[in-house]
Each structure stands twice: as C-alpha cells, then as structure tokens.
Amino acid sequence: MDFLRPLTWQDALAAKAARPGAVPIQGGTDVMVEINFGSAARRPEALLDLNPVRELAGHEELPDGTLRVGAGVPYVRLIAELGDRLPGLAQASRTVGSPQIRNRGTAGGNLGAASPAGDCHPPLLACGAVVEAESAARGTRLIPAADFYTGVKRNALEPDELIRAIRIAPASGPQYFAKIGTRNAMVIAVCSFAIALHPRERRVGTGIGSAAPTPLRATAAEEYLSTELDWEGRGPLPDAVARRFGEFVREAAAPIDDVRGTAGYRRHALAVLARRTLTWAWNDHRAARKEVS
Ligand SMILES: Cc1cc2nc3c(=O)[nH]c(=O)nc-3n(C[C@H](O)[C@H](O)[C@H](O)COP(=O)(O)OP(=O)(O)OC[C@H]3O[C@@H](n4cnc5c(N)ncnc54)[C@H](O)[C@@H]3O)c2cc1C
C-alpha cells in the first residue's frame, strides 16, 4: 500500500486526481479500523494522508458571517473553539467516542465515512450546513448537507474530490443534540436527534441519525413547528404541539431492527428525543426573549 503525504492543499487535490483510488486519512479513527479489520482484498491501493495540510486545520469567519471549518479540525477543537457559536455540533462532538477519539477524529472524517449513525450529521442537517468539496479539475463545489448523504456509508463526493471545509452559520437561536446508546460513552448511536431554532427566520431545523439508511431531516416536523410556535415566546410550549412534533419526527424515520435496537424502539425513542430537545430549546428561546423585552 502506498502512503501519499502531500504538504499543501493543491498537492493533495493533485494526488487525489492522479490516484482516485487513494483513500484520504485524517484522524484515521474510521480508516484504520477498516484497514485493521478488513480483508486483505479491501486494503486500499494507497492512503492519502491529509494531516500535514495546514489549510484543513483551521477555521475562519467568511464576510457574510458564515463559519468555514476546515475538514481536519478535530472534535476537541470544535468543542473548545467553536462551542459558543456552534452549540449543536459541539454537543454532538462531546458524545463522540472517548477523549482519545475526540483528539484525533474530525467532522470531515465523519462526513467522509457517512455512516447513518455518525454524530455530526444531525446537527449539520439541523443547521443547514454546506459541505465544501473541491477537485483539481473542477474547483469548489458546495453541497448542502441534506444532499450529501446518498446511501449507507455513501456520500456525494466524486472520486477525485476531497472535503475542504464545512460552512455553517453561527447559531441564531437554541440548538440541541441528544443521542441514545446502549451505554453512556464509547457507543454508536441507537438513534439520535438534533434541533435548531432559527428565530429570525421563524424556522426550525432538524436532523435524525441512525434511523434510516442515511441521516435525514424531518421536513414535515420542521414545517409544522415553524407555523405552530409563538415565536414571541409568550407562553410555555403546549404539550399537544410537542407531542405532534414528536409524531412527525417518528414518521420521518425509516429504521431497521439490528443488534443495537429494534425499528419500533428507535421510532419511539426518536419521538421522545424530539419532544425533549424541543422543550429545552423552547425554554432557552423564551428566556432569551424575556431578557430582551
Ligand atoms: C473507539 C471508537 C469510537 C467511536 N465513536 C464514535 C461516536 O461515538 N460517534 C461517531 O460519530 N463516530 C464514532 N467513531 C467513528 C469515528 O471516530 C468518526 O467517524 C470520526 O469523525 C472520523 O474522523 P477521522 O478524522 O478519524 O476520519 P478518518 O478515519 O481519517 O476518515 C474517515 C472517512 O472519511 C474520509 N475522509 C477523511 N477526510 C477526508 C477529506 N478531507 N475529504 C474526503 N474524505 C475524507 C476517509 O477516507 C474515510 O473514508 C468511533 C470510532 C472509534 C474507533
């Protein structure tokens, strides 16, 4: 197996163009597991090590205020440096693996792996994040998170493309992520859910994880809630609204029975997570409204 080690982003793109079969490696917390447990026939012809590429390791604010987070920023830095502006993604990052995994693992790698159970996906969907992909031949391509996941562990990247960054607007309202596992840490989600309130636009974002072949939004739930909420925050969240929202989320899922849980349990749990995270978000929203009035 060849080991390619470009030092710059342009060289990384050129290497991927020349060797589309080369597998990018960032933190390696998915790639190395695959290689170590996979059969010899599944060993890649080459690994493309992106760790030396400095362009992937930073984050910046674009002129319109959007954050551009390099694909190689590890979870520990997402939490420490961006947790105030990207609270949903930071909450999800805190639930990934162990400290060792969070030191090495990245949201870029989570997107590359595109597991339906990946923890970054629900908050990226709820926040309307955009994946910045790039190739030497065609330049930059912006792919909305909702279009990025194309199947189980499959994504929209072309063989010569790499993920450069994630573009995501800083939170303009409360965001929450909740995950159910078979224990409290080092666990793949049985199911997960993220919500983001966007009060300025009177809009709600959602993301469901580990309950369909791909991560997905609950669009009917979003539409229902966007019109039902009293965005002035004048009262507590009506029980009926929370319940109906949970039902919409449950209906959006398409889970399977597997070793981690049954489809029926996942649907039930998602409705609970949806009601719970909505209640937390709504209470924060009301508190914030009271402060400004
Ligand atoms: C013990 C353990 C616990 C874990 N727990 C969790 C968990 O709780 N939640 C969770 O979601 N995941 C978990 N994971 C999986 C893994 O840690 C995450 O998916 C992590 O985000 C992968 O990031 P990475 O940088 O290590 O990716 P890598 O392993 O380097 O790469 C992952 C995939 O992305 C591709 N890739 C990487 N960078 C790029 C790029 N710039 N452009 C294009 N493709 C790219 C790679 O080719 C590969 O297909 C766990 C893994 C282990 C070993």
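The stops below go from a sheet to the ligand and then to a helix.

Before you click, know that this is a predicted model: local features need pLDDT of at least 70, side-chain atom pairs count only at pLDDT 80 or more, and totals for chains, interfaces and linings use all residues. Residues are numbered from 1 along each chain as its sequence is written.

**Stop 1: the sheet**

Start by selecting strand 10, residues 162–168. Helices (H or I, at least four residues) and strands (E, at least two) are DSSP runs here, numbered from the N terminus. Six of the seven residues in strand 10 are buried, where buried means 20 or more other C-beta atoms within 10 Å of the residue's own, exposed means 12 or fewer, and partly exposed is in between, with C-beta atoms placed from the backbone.

Now bring in the rest of the sheet: it is an open one of five strands, antiparallel in its pairing, in the order 4-5-10-6-7. Strand 4 (59–61) and strand 7 (139–144) are the edges, each pairing on one side only. On average, neighbouring strands in this sheet are turned by 25 degrees against each other, direction ignored; the axes behind that angle are lines fitted to C-alpha atoms, and angles run from 0 to 180 degrees between N-to-C directions. Two strands count as paired if DSSP finds at least two bridges between them.

- Strand 5 (residues 67–70) is joined to strand 10 by four bridges; look for Val-69 opposite Ile-166.
- Strand 6 (residues 130–135) is joined to strand 10 by five bridges.

Stay on strand 6 and click Val-130. It stands opposite Arg-167 in strand 10, and also opposite Pro-144 in strand 7. Six bridges join strands 6 and 7.

**Stop 2: around the ligand**

Which residues come nearest to the ligand? Of the 29 around it, they are Gly-27, Thr-29, Gly-97, Gly-109 and Gly-112; a residue is near if its C-beta atom, placed from the backbone, lies within 6 Å. Elements giving two or more residues to this shell include strand 2 (23–25), helix 2 (31–37) and strand 10. Helix 6 gives the largest share, five residues.

**Stop 3: helix 11**

Finally, select helix 11 (residues 263–292) and find Ala-288. Is Ala-288 buried or partly exposed? It counts as partly exposed because it has 15 C-beta neighbours inside 10 Å. Then pick Gly-173: it is 115 residues from Ala-288 in sequence and 8.9 Å away in space, C-alpha to C-alpha.
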